[in-house]
Amino acid sequence: MSTNTAPPADSSTDEPTETETGSESADPNSFIVEADTLQSIIGAASTLVDECKIRLNEDSLEIAAVDPANVAMIEETLDEAAFETYSMPEDTVGVNLERLKDITGMADSEDLILINLDTEKRKFNITIGSLEWTMSLLDPESIREEPEIPDFDLETDVVINSKDFNRGIKAADQVAEHATLKSDPNVEELQLVGEGDTDSVDLTLDSDDLIEIEPGDAKSIFSMDYLNSIKQGIPSKTELSMELGDEMPIKLHYTFADGNASVTYMVAPRIDSN
Amino acid sequence: MSTNTAPPADSSTDEPTETETGSESADPNSFIVEADTLQSIIGAASTLVDECKIRLNEDSLEIAAVDPANVAMIEETLDEAAFETYSMPEDTVGVNLERLKDITGMADSEDLILINLDTEKRKFNITIGSLEWTMSLLDPESIREEPEIPDFDLETDVVINSKDFNRGIKAADQVAEHATLKSDPNVEELQLVGEGDTDSVDLTLDSDDLIEIEPGDAKSIFSMDYLNSIKQGIPSKTELSMELGDEMPIKLHYTFADGNASVTYMVAPRIDSN
Amino acid sequence: MSTNTAPPADSSTDEPTETETGSESADPNSFIVEADTLQSIIGAASTLVDECKIRLNEDSLEIAAVDPANVAMIEETLDEAAFETYSMPEDTVGVNLERLKDITGMADSEDLILINLDTEKRKFNITIGSLEWTMSLLDPESIREEPEIPDFDLETDVVINSKDFNRGIKAADQVAEHATLKSDPNVEELQLVGEGDTDSVDLTLDSDDLIEIEPGDAKSIFSMDYLNSIKQGIPSKTELSMELGDEMPIKLHYTFADGNASVTYMVAPRIDSN
């Protein structure tokens, strides 16, 4: 039913038992990672798709996905250094994200999660303390082609507290179905405007409110549906890098796990017919 | 999109920056108020109606409304002293309470909220930190006539902890569709009785349980629907003044913001056909 | 409306006023009990049935019930020592558990609840602080016959932290409709396995994870629906005793109130047709 790998952390204690797992020789087809890190990666991807491919590389794990309407994309990388141990064969697996989210959600944020890839049976054996799941993988061929986020030249660069971004999205969502993000090359400000039929909201953040800003000529309109979805995946207290252009997509980027985990979202703009 | 009034409070800090706003000369058509105070006023009115008129007087703000079935009324006053700054022209505006509740709900309780009245465009410009909303006002003519709470001679006066009142309402709601409030001129007690088809509940509070009581001859029946609605608006820890009579309406009154904000509810009795 | 028994606890304070109630002579047809204890007993029974009989004995209160599909049973006993005062005539009453749960749920966990039996009107008079309910009792004849949990010889005995049991049930429920509980006479382990169509979960607890284990030959399959219901009634931090057999029912047992309150659940196995 399940592999007999010793559980990396005891579920009945609240501390990760790193020394214990560190002293074992790592299973050749497995990794061990702090629950928090894996939950963040899974959570971010699940804001856009129900299923995705996970690329297991020699020294990293990668996810890339595009939502069914081709409006938003995500690229995520967990470098080897983000793991307690990482020893995977080069492989690509398909996963049901909702199921994986439920399972990894059983762990407390500091618990360790061990995932072993059964290359023959195409299953993940997932261990959290004394709990062991066997989760069937999906045929990666059955999952939509992975997108590649294009390398646009977006001249406006902003670094913002994710809390302020999320607050602006929440406010815009109260009154409007779309939000405009704007920058003027001569003003060190980022402006988010949501205009509804009767009411509107305006969030203007200047260089005091922002962590960094290199203003450029930018004005693009985005669907609140997508900004709202993405907001669910973004941690509440992180530095969020934004790249903006004029009627161009927005890129949102943040890292965690000491910079060894990175997430990039891209959302296509809505063409302003006015 | 929005006026360029400097935000009265920085949303990224948790303290109201009173000195900053205090040192500015106030916008002639605006007020600044602590979020908590405004949220309480809006929340209380929204228990009875979806839209209401707000009267802006020279030195106070007033709301009066009656529910669609003419059973319950509310009168609210925010005196000038309840505001950080208050400088409004005499005017009457119509507002969508749900929208105003959503917007003011974006503030933390100690944040400051700036509301500017655009007398020409008939809009509220609402500023909370770096967020600015433009909210269209409704034509006051389209909103139901404001009621005036009649000046009944209700001889039973009680002051009760709102927590005890809310608890009694919650208990009565479990078993009954109506609650009877009673007082006997010779006994220093307030009695709330809910009688259902099979079960009943009785809350009897004597002078030890009450803050004050001047008992009179009172017995009136009220619909749980209305008492329950009103309960949502009443703060959980406040002194609630009640006036009762015999088959007469009940009046409930409380103040906050150091006595500069006052709310009075009146609920009509159900005639006891027995 | 209600008996004039002095309220055993003042709802406006958070401490049970035991001295006050202790100094009174107990009402002959009543008991006083800490809310926590009564809420646990009511809550556990309500996971299986909507109505039940309560047997009032000379020195204990007992509930026994079986769910409508005859799969799960519960037996509960509150000994006299679990009460602050207990003085009931021998009687059997029928109760609406949902109503009794709502009423007792109005008390904070450390409040005292006084229940007086009106033997003539067949009502419970329930007092929590200054609140007094009158709750009609049901005709015990109208309620299903009480079951008796059979005295099987189940050779596997386990004592487990309820937290670990509840965690296993939650995990199994994510992937499967049934869970198998297993023990091998030669291994000091308890195994819970949930197998779904594609995924499975395995919780293996050894003598380090368990409080006690006397392993035997056991393998029985249970419906997740019933294990999930029962989980709602089990306190999150208690020692849970389990008895298991081979294609036999499971018995779950725990005590509280210093051992003076006891709950035993029994769940029938599903026959494995393989």
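How many salt bridges does the rule find across the interface of chain C and chain A? In this predicted model, local features need pLDDT of at least 70 and side-chain atom pairs count only at pLDDT 80 or more, whereas totals for chains, interfaces and linings use all residues. Residues are numbered from 1 along each chain as its sequence is written, chains are lettered from A in the order in which they are written, and side-chain values use heavy atoms, without hydrogens and water.

The rule finds one salt bridge across that interface, a salt bridge being a side-chain nitrogen of Lys or Arg within 4 Å of a carboxyl oxygen of Asp or Glu. The partners are C:Asp199 and A:Arg99, at 2.5 Å from N to O. On the side of chain C that touches chain A, H4(C) gives the most, with eight residues; helices (H or I, at least four residues) and strands (E, at least two) are DSSP runs, numbered from the N terminus.

Chain C and chain A bury about 1,700 Å² between them, 44% of it on carbon and sulfur atoms. This buried area is the accessible area (1.4 Å probe) that two parts lose on being put together, summed over both. In chain C, the residues that lose the most area to chain A are C:Arg167, C:Gln174 and C:Asp202, together 39% of what that side buries.

Within chain B, nine strands form an open sheet with antiparallel pairing, in the order E6-E2-E3-E4-E18-E17-E16-E10-E14; two strands pair if DSSP finds at least two bridges between them. At its edges lie strands E6 (91-96) and E14 (212-214) of chain B, each pairing on one side only.
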